Amino acid sequence: MEHMRCNKCAAQMAAQSVCIAASCNHLFCPTCAKDVLESDDPCPLCEGPITRSNIKQVTIMQNSSVLQLSLCGQTPHTIMESALAGIKFFCEQQKLNVQFDHNQLSKKFTRMQSQCKAKLEQVHQGYLQAKRRYQETVQEKNGIQADINELSQKYQQKSLQTRKLQEMVKALQQENEDLKRRFRVAVAGALALAVACTQLAACSCPQQAGSPRLLAQGPRR
Ligand SMILES: [Zn+2]
Ligand SMILES: [Zn+2]
């Protein structure tokens, strides 16, 4: 859409608003025009002189019906020159609008670029942090695996020792049983020997009356 801006503060000029045009084809809102005129500064765009004599009050996008008779009474040469000046002014303003839009886009692009860069840096830092954590986790896992292997070896050694101890206990139990059996046999042998000794003593000493066995045999003849 065709529109015009103040060439100093970039404010968009509403249709029918009154502004100041300089002979260098630059346009100013009333506030900026007042500032430039009071400061005696040159045109902020082209540095051309700006004085009260080379500026003109213009109405932006004026209704064509108002302008219809404004050039009446002029020669075709003057009318053509006037139209040419108007077209040149319009072209200059359109060119400035394009530049303004381009600058705005460039600023936006630069801002977005720096935001993207910051975001990318943030993502990169996140990636590095995740990588570091992953490496730490892998190291931790390896440590745990080494502990598991060591414990497993110890468990196998202990199992082997337990089996050996169980075998030793079993052998001792067996030995104990053998000793008990031998003891019983020895006791039985000793008892039998004692009985035999008693009988022998009884036979060799008949005067020992009262012996139950001798009494049972009766008196000797
Ligand atoms: Zn302005
Ligand atoms: Zn200028």
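**The pocket and the zinc sites**

Tutor: Let's start with the largest pocket: domain 1 (1-63) and domain 2 (77-153) both contribute residues to its lining, so the pocket lies between them. The domain bounds come from an automatic or database domain assignment. This is a predicted model, in which local features need pLDDT of at least 70 and side-chain atom pairs count only at pLDDT 80 or more, while totals for chains, interfaces and linings use all residues. Residues are numbered from 1 along each chain as its sequence is written, chains are lettered from A and ligands numbered from 1 in the order in which they are written, and side-chain values use heavy atoms, with hydrogens and water left out.

The volume of the largest pocket is about 980 Å³. Its lining holds 25 residues, and V58, S82, A85, G86 and F89 are the closest to the centre. A pocket here is an open set of points on a 1 Å grid over the protein atoms alone where a 1.4 Å probe fits, with protein on both sides within 12 Å along at least five of seven lines; lining residues have an atom within 4 Å of a point. The volume is the space filled by probe spheres set on the points.

Strands β3 (18-22) and β5 (55-59) and helix α3 (76-204) each give two or more residues to this lining, and α3 supplies the largest share, with 7 residues. Helices (H or I, at least four residues) and strands (E, at least two) are DSSP runs, numbered from the N terminus. By type, the lining residues split into 14 nonpolar, 10 polar and 1 charged; Asp, Glu, Lys and Arg count as charged, Ala, Val, Leu, Ile, Met, Phe, Trp, Tyr, Cys and Pro as nonpolar, and the others, Gly among them, as polar.

Helix α3 also holds V195, which at a relative accessible area of 47% is partly exposed. Buried means under 20% relative accessible area, exposed over 50%, and partly exposed in between (1.4 Å probe, protein chains only). Along the chain V195 is 161 residues from K34, and their C-alpha atoms are 153 Å apart.

Now for the metals. The zinc ion (ligand 1) takes C6 (SG), C9 (SG), C29 (SG) and C32 (SG) as its protein donors, at 2.2 to 2.3 Å. Donors are N, O and S atoms within 2.8 Å of the metal (3.2 Å for Na, K and Ca). Angles of 103 to 114° among the 4 donor atoms make this site tetrahedral, a label for four donors when all angles lie between 85 and 135 degrees. The spacing of the donor residues is C-x2-C-x19-C-x2-C. C9 sits in the loop between β1 (4-5) and β2 (12-13), and C29 in the loop between β4 (27-28) and α1 (30-39), so this pair ties together parts that are 20 residues apart in sequence. C9 is partly exposed at 43% relative accessibility, whereas C29 is buried at 9%.

The zinc ion (ligand 2) is held by C24 (SG), H26 (ND1), C43 (SG) and C46 (SG), at 2.0 to 2.3 Å. Its 4 donor atoms make angles of 99 to 117°, so this arrangement is tetrahedral too. Along the chain these donors read C-x1-H-x16-C-x2-C. C24 is partly exposed at 23% relative accessibility, and H26 is buried at 5%.

Two backbone details complete the tour. A10, in the loop between β1 and β2, has a positive phi near 65° although it is not glycine, and A10 is partly exposed at 21%. M61, in the loop between β5 and α2 (64-67), also has a positive phi, near 45°, and M61 is partly exposed at 32%.

Conventions
Four donors count as tetrahedral if all angles lie between 85 and 135 degrees; four count as square planar and six as octahedral if opposite donors are over 155 degrees apart and all others between 65 and 115; anything else is irregular.
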